[in-house]
Amino acid sequence: MRRRTLAVTATAAALAAVLTPSGPTEGAATAAPSHPTGALTGATNGAAPESDFNGDGYADLAVGMPKATVDGRAQAGYVNVVWGGPDGLGTAGSARVSQSTSGVPGTAEAGDLFGTSVSAADLNGDGYSDLAVTAPGERLTDTGTGREGTAVVVWGSPSGFRGGLTAAKGRADERLGRLLTAGDFDRDGHQDLALSAEGEEGGATVLRRGPFTTGSATDTSRVEGYAFGSARALVTGDFDGDGGDDLAVTYKGMEIAGTHVLSKASGEWKRTWTTGDFGGAIATGDFDGDGTADLAIGQVQPNPETDGTFCEDRLGGAVAVVYGKRDTTLGGTVACTTQSSPYVPGTAEPEDNFGGALATGDLDLDGRDELVVGVSHEAIGTEADAGAYLWLAAGPDGSMTGVGFNQNSTDVAGTAEAGDLFGAAVATGDYNGDRYPDMAIGAPGENAGSGGVWFDASSDEGTQPPVTAVTPARLGLSGAVEHGGVLAR
């Protein structure tokens, strides 16, 4: 039976079992070939993947490593872009982008944390995805100890990356850029960047308006602030169905918390939906196939200042899916999913971090998105914090069911070990060009903290291919730190 069809047909016993079967060990590392460039393959039905930086028709995966050493400078950070290709991730090589890379603005300095957040979007409208990267530890003055933070854009092109520009600069001790998402929020035809900023007495979400051109202003405008708190996750989506981008934010402060949707369609930011529940991750997709955007809130928690919550049972973590409804913003039902829910694999245990990472994609091309859920602190046998991931599909009543995997599962490379944190970050993209979105699973604790990414390819028919490991050793990377902890979605 194909793995992609198990979500609504497997028995509860079978679903629970997929988290524990034994599997093969990771093979020896091999040098990756250089990345080929060429004409669009046509594997994407003529539409370039959202994260295709070189326009070859395959989605690429940007992996941020903010704690990595660059030119001897600790935690200067860099981004490893793993190229997609006919065989997916790990077989077509990768590129390293840092502030020591020619054409990339700035200078690699200790504590910059370049690569804290990464996003892929066509920011100059040339048909190639560009790489937006933040460095919240960047210091813009030689005096003082504060960190203002910056965001830079690195241009994609047929030959790979070709320089870039500084997109945004933080204010004094603002630490701009722990979070980042792209979208045309002001509906002017230019992509914008929404970023987080974090100060001593509270944080904010800010906007850097497009266009992104040489000499354009690097200042930002405030979207909203959070007293003695900060935004925890951002995501872009069309939540009201008007064809334009909206911004969803989940945040927590000392006496405030919540999740809401903001729209700038009228020229001013307005909240179009809100709840007191907040989370550690959010994602959007059309899970029920009704043509409206739904919102998933991972690691959902109630605002202690309000009554009621989407998920009363939150042992080990919970995911609330708020469904969309035509002519409203998220006006549908709400479904809560935990590892105690029917037909969801695993067992709910304290501190599993179920829902700590989320991604979406229509993995089987049935017109409904699936939800990929990371469970980074899942214990596998006696191995604490080994980690796992699940993909969930919505049933007729909106409840989510699915299957799960870890490094001891059949046909998954590697061995589940304590501290691997498998599932700490998740992403989707058509990395092998067969039109079916694939999954990328980060394991930043793998190999004593060197880390790695696992490539889980979707398939239209036949036997599901093995899940392969894309480790720094396989990619020929030196000095990798927590590879897979930050993935562009």
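What is the torsion about the S-S bond of Cys311 and Cys336, and is the disulfide right-handed or left-handed? Keep that in mind as you load the model; the tour reaches this bond at its third stop.

**Before you start**

This is a predicted model: local features need pLDDT of at least 70, side-chain atom pairs count only at pLDDT 80 or more, and totals for chains, interfaces and linings use all residues. Residues are numbered from 1 along each chain as its sequence is written, and side-chain values use heavy atoms, with hydrogens and water left out.

**The whole protein**

Show the cartoon. The protein has three helices and 28 strands. Helices (H or I, at least four residues) and strands (E, at least two) are DSSP runs, numbered from the N terminus. Of the 489 residues, 57% are buried. Buried means under 20% relative accessible area, exposed over 50%, and partly exposed in between (1.4 Å probe, protein chains only).

Among contacts with a separation of 6 or more, 54% join residues 24 or more positions apart. A contact means heavy atoms within 4.5 Å.

Two strands pair if DSSP finds at least two bridges between them.

Strands 17 and 18 pair over four bridges. Click Ile297: its bridge partner in strand 18 is Ala320.

**Second stop: Thr309**

Go to the loop between strand 17 and strand 18, where Thr309 lies. Is Thr309 buried or exposed? Thr309 counts as buried, because its relative accessibility is 19%. Show its side chain with that of Asp277. A polar contact of 3.0 Å joins the two. Such a contact is a pair of N or O atoms within 3.5 Å; within protein, one must be able to donate a hydrogen and the other to accept it, and residues adjacent in sequence count only if both atoms are side-chain atoms. Leaving aside neighbours within four places in sequence, Thr309 touches Asp277, Pro302 and Arg314.

Select Cys311 and Cys336. Their sulfur atoms are 2.0 Å apart and form a disulfide, defined as a pair of cysteine sulfur atoms within 2.5 Å. The torsion about the S-S bond is about 130 degrees, so the disulfide is right-handed. Cys311 sits in the loop between strand 17 and strand 18, and Cys336 in strand 19, 25 residues apart. Cys311 is buried at 1%. Cys336 is partly exposed at 30%.

Move to another open sheet of four strands, ordered 20-21-22-23 and antiparallel. Strand 20 (354-361) and strand 23 each have a single partner strand, so one side of each has no neighbour in the sheet. Neighbouring strands are turned by 25 degrees on average, direction ignored.

Select 388-394, strand 22. Six bridges join strand 22 to strand 23. Ala393 stands opposite Thr401. Finish on Phe405, in strand 23. Phe405 is buried, at 5% relative accessibility. Its C-alpha atom is 9.1 Å from that of Gly387.

Note on methods:
Axes are lines fitted to C-alpha atoms, for helices over the stretch in contact, and angles run from 0 to 180 degrees between N-to-C directions.
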